Amino acid sequence: MENFTDVKYILDGFLFVFAGILVMWMAAGFAMLESGLTRTKNTATVLTKNIALFAISCIMFYFIGYNFMYGDGNAFIGSGAMLSGKTNEEMGYPVMADFFFQVVFVATAASVISGTIAERMKLWPFLIFVVVLSGVIYPIQGHWSWGGSELGGLISGFSDFAGSTVVHSVGGWAALAGVLILGARKGKYGKDGNVRPIPGSNLTLATLGTFILWMGWFGFNGGSQLALGSKEDIDGIASVIASTNMAACAGAIMAAVLTQLIYKKVDLTMVLNGALAGLVSCTAGPDLGMNIAFIEGLVGGALVVFAVPFFDKLRIDDPVGALSVHLVAGIWGTLAVGIFNSEVAILDQVKGIVIIGAFVFISSFIVWKILDLLIGLRVDEETEVNGLDIHETGLEAYPEFKRA
C-alpha cells in the first residue's frame with residue numbers, strides 16, 4: 001500500500017490528467033480554426049462535427065479501441081479485457097488517467113479529417129467514419145508502435161515520441177483517402193485549371209484556434225514524457241515544452257518570411273498553419289533539444305507554404321490546409337528523428353511511415369468507399385451552394401447574416 005500511494009504514483013497520474021486536459025482543449029482549437037477558415041453558411045455544421053467527433057472518439061476508444069491498442073493480443077492487434085484488464089498497481093499509475101491521456105489523442109486524429117472534408121460532406125457519414133477510425137483503425141496502428149508489438153518486428157526501432165505519425169499523419173492519411181473520393185468544393189477549380197480562392201469567414205477565430213492548439217500542444221508533447229516522479233522527468237518535460245514552443249515560433253516566422261518573398265505580402269493563414277506545422281514537425285522528437293526543434297519548425301513552416309499550392313495543383317481541395325500541416329509536416333517530423341537522433345535509424349523511420357501510412361490510407365479508403373456507396377458522402381449541389389447548416393443541423397451559426 002505504501003508504494004500504491006507514493007509520490008511518484010501521484011505525480012505520474014497527475015501528469016496524465018493535467019496534460020490530457022490541455023490536449024482536450026485542442027478540440028476547441030480545431031473547432032475555432034476550422035470555423036474561421038470556412039464560410040459562415042457551414043459554421044454550425046463544423047461546430048457540430050467537432051463536438052460530436054470528440055464524444056464518439058472517447059466512447060469508442062473506451063469500449064473497443066484502448067484494448068485493441070494496448071491489450072496483449074498479437075503482433076497485429078491487441079485483445080483482452082476492457083482497458084487491458086490491468087490494475088493500477090500493475091501499471092504503476094492510475095489506469096483511467098492513462099486512458100484519459102490516450103483518448104484525447106484519438107480525438108485529435110479525427111479532428112484533422114474534419115477540416116479537410118469541410119463544406120461538402122454530409123454529417124453522418126463523417127461521424128460513422130470516426131466510429132471506425134477511433135475504434136479500429138487508429139488503435140491497430142497504435143498497437144504497432146506505442147502498444148509495443150512492433151508489428152512482429154517489421155517496424156522495430158521506429159520512434160515517435162508524441163505522434164507526428166501515430167496521430168497527425170494518421171489523421172492526414174485518413175483525410176486524404178476521404179477527400180479523393182469526395183472531390184473538391186463547387187467552384188474551387190476552374191475548367192482552365194485555375195485555382196479560385198475561397199476565403200475563410202473569420203480570421204480572428206482562426207487565430208484564436210491556433211493559439212488554443214499551440215497551448216494544448218504543451219500537454220500533447222509534455223505529457224508524452226509519461227512520468228513526473230523524478231528530477232530527470234521534470235527536466236525532460238521542461239525541455240520538451242520549451243522545444244515545442246520553439247518549433248511553433250520557427251514555423252510561424254518561416255511562413256511569414258516566405259509568403260512575403262513569394263507573394264509580396266504576409267499571408268496570415270499561412271502563418272497560422274506555419275506555426276501548426278512547426279508543432280507537428282516537432283512532435284516526433286520534442287526531446288531532442290531547442291536547436292533541433294528550431295530546425296524542425298523552420299522546415300515545417302516552409303513545407304506548408306509549398307504544400308498548400310501543391311495540393312491545389314493536384315485539385316485536392318483542403319479548406320484548412322490540414323493535409324499540408326498534419327500529413328506533410330508529420331512525415332517530415334518523423335524523418336527528422338532519424339536525421340538528428342543518432343540512436344534512431346532513418347530506415348526504421350521510413351519503414352514506420354510507409355507501413356502505417358499504407359495501412360491507414362487503404363483501410364480508410366475502403367471505409368469511405370463503402371459509406372459513399374451505401375449512403376453517399378456528399379451533399380447535393382443545392383445544399384452545398386446554400387450552406388450545409390440548415391440542411392444538416394436545422395440551425396445557422398449567424399442567423400442575422402442574410403445572403404443574397
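**Figure 1. Phe16 and Phe101 are both buried.** Buried means under 20% relative accessible area, exposed over 50%, and partly exposed in between (1.4 Å probe, protein chains only). This is a predicted model: local features need pLDDT of at least 70, side-chain atom pairs count only at pLDDT 80 or more, and totals for chains, interfaces and linings use all residues. Residues are numbered from 1 along each chain as its sequence is written, and side-chain values use heavy atoms, with hydrogens and water left out.

The structure holds 22 aromatic pairs. Rings of Phe, Tyr and Trp (its six-membered ring) pair if their centres lie within 6.5 Å; planes under 30 degrees apart count as stacked, over 60 as edge-to-face and the rest as tilted. The ring centres of Phe16 and Phe101 are 5.6 Å apart and the planes are at 40°, so this pair is tilted. Phe16 belongs to helix 1 (residues 7-37) and Phe101 to helix 4, so the pair ties together parts 85 residues apart in sequence. Helices (H or I, at least four residues) are DSSP runs, numbered from the N terminus. Ring pairs also build a cluster, with Phe16, Tyr93, Phe101, Phe105, Trp146, Trp217 and Phe220 linked in it.

**Figure 2. Helix 4 is largely enclosed by the rest of the structure.** Of its 22 residues, 20 are buried. Helix 4 covers residues 95-116. From first C-alpha to last it reaches 34 Å, close to the 32 Å expected at 1.5 Å a residue. The expected span is 1.5 Å times one less than the number of residues.

**Figure 3. Glu119 has a positive phi in the loop between helix 4 and helix 5.** The phi of Glu119 is near 80°. Most residues other than glycine have a negative phi. Glu119 has 3% relative accessibility, so it counts as buried.

Figure 4. Helix 8 (residues 231-263) has 33 residues and should span 48 Å; its end C-alpha atoms are 48 Å apart, which agrees. Lys264 sits in the loop between helix 8 and helix 9 (268-283). It is exposed, with a relative accessible area of 60%.

**Figure 5. Seven side chains make a nonpolar surface patch: Trp124, Ile128, Ile362, Ile366, Ile370, Leu374 and Ile375.** The patch has an area of about 720 Å². Accessible areas come from the Shrake-Rupley method with a 1.4 Å probe, and for residues only the protein chains shown count as cover. Patch residues have over 30% relative accessible area and no salt bridge, and nonpolar side chains (Val, Leu, Ile, Met, Phe, Trp, Tyr) are joined within 5 Å. A salt bridge is a side-chain nitrogen of Lys or Arg within 4 Å of a carboxyl oxygen of Asp or Glu. Helix 5 (123-144) and helix 12 (346-374) each give two or more residues. Helix 12 supplies the largest share, four residues. Leu374 lies in helix 12. It is exposed, at 67% relative accessible area.

**Figure 6. The charged end of Lys49 sits over the ring of Phe126.** It is 5.5 Å from the ring centre. A charge sits over a ring if NZ of Lys or CZ of Arg is within 6 Å of the ring centre and within 35 degrees of the ring normal.

**Figure 7. Thr40 and Ala397 have C-alpha atoms separated by 7.1 Å.** Along the chain, the two residues are 357 residues apart. Thr40 is found in the loop between helix 1 and helix 2 (43-70). Thr40 counts as partly exposed, at 25% relative accessibility.

Methods: Patches are made of residues with over 30% relative accessible area and no salt bridge: like charges are joined within 9 Å, nonpolar side chains (Val, Leu, Ile, Met, Phe, Trp, Tyr) within 5 Å.
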